[in-house]
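Reader: Please take a close look at a single part of this model. I want the aromatic side chains, with the cut-offs spelled out.

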Amino acid sequence: FGVTIAIDSTSVKSHSNPNKKEISDKEAGFIAKDGISHKTWKWGYKLHMLADTTWELPLTCEVTLAKEADVTNLIPLIEKARKRFDWFKPWHILADKGYDASYNYKAIIDMSSIPIIKIREKSKGQRGRFTLDETGIPNCRAGIPLLLRGHNQKRGMLYVCPFRAKKVDCSLSHECTLKTVWIRPLWEYRQICSIPRDSDEWNAIYDNRTAIERVNSKLKEHRRLNTHCHRGLSKVRLHCLMSVLSLVATALAEANTGNLARVGACTRKVT
């Protein structure tokens with residue numbers, strides 16, 4: 001328990017109609033969710049949760065306004081779990097591309113865990129113009145190590161193309177536009193990982209992230225997370241907490257009876 005954990009957010013609806021001229025819940029907002037074929041919008045709040053992927057049980061959670069970004073809630077949830085549980089030392093922390101930020105990688109690495117986070121396809125930076133080898137040295141598209149030329153506290157380290165510096169010959173000089181590049185060590189946490197990104201091992205671990213989606217589904221379908229009559233952040237937050245506690249209490253009851261096979265279950269046994 002707690003070896004591999006995942007983080008994700010899900011929408012929690014508000015019991016109000018956003019299409020009316022006078023909205024009864026003025027704290028609620030629209031939440032954009034990427035569907036299979038198109039983007040959908042939900043009206044309500046966000047439930048951010050940290051869950052164990054093996055037993056599919058929540059560890060910590062927080063309910064925020066719809067405008068709160070997912071990326072800023074990873075570190076607070078991790079810190080809450082570390083303060084609450086002395087044993088909390090996960091090997092892997094899984095998240096989708098909504099949590100792709102350099103400070104999240106650094107926070108996970110600083111606690112001696114491995115971040116398994118998808119990179120955004122259109123992410124900021126120089127990705128694609130160079131790669132990092134196992135020692136952290138940037139190489140150009142031709143596989144030639146770039147030359148370090150300087151360092152700046154804010155911008156990072158300045159590397160130059162060895163061909164432009166007239167140090168080596170390059171077979172891709174006619175099509176490569178790289179001359180100089182600033183590399184910030186903090187940003188490169190996104191590319192450096194003890195488990196090579198997109199390797200079979202990396203993908204196998206990342207596949208476990210679907211466990212937290214099943215936890216969200218259990219809360220919505222069997223713990224009334226979406227069937228309520230509450231408005232306002234404080235009331236919705238209390239309702240979400242009761243739903244999560246109900247799920248954990250069910251798991252605890254099964255564990256106390258020695259029925260470990262049903263710890264992750266959330267429905268009643270039919271006799």
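Author: W87 is partly exposed, because its relative accessibility is 43% (buried is under 20% relative accessible area, exposed over 50%, partly exposed in between, with a 1.4 Å probe and protein chains only). The model is predicted: local features need pLDDT of at least 70, side-chain atom pairs count only at pLDDT 80 or more, and totals for chains, interfaces and linings use all residues. Residues are numbered from 1 along each chain as its sequence is written, and side-chain values use heavy atoms, leaving out hydrogens and water.

Now the rings. Rings of Phe, Tyr and Trp (the six-membered ring for Trp) pair if their centres lie within 6.5 Å; planes under 30 degrees apart are stacked, over 60 edge-to-face, and the rest tilted. The count comes to five aromatic pairs by this rule. F85 and W87 are stacked, because their planes stand at 25° with ring centres 4.9 Å apart. W87 and F88 are edge-to-face, because their planes stand at 65°, with centres 6.4 Å apart. F88 is buried, at a relative accessible area of 4%. One aromatic cluster is formed by F1, F85, W87 and F88.

Next, H92. This residue sits in strand β5, residues 92-95 (strands are DSSP runs of E, at least two residues, numbered from the N terminus). H92 is buried, with 12% relative accessibility. Beyond its neighbours within four places in sequence, H92 is in contact with V3, T4, I5, I114, I116, I195 and I205 (contact means heavy atoms within 4.5 Å).

Methods: Helices (H or I, at least four residues) and strands (E, at least two) are DSSP runs, numbered from the N terminus.
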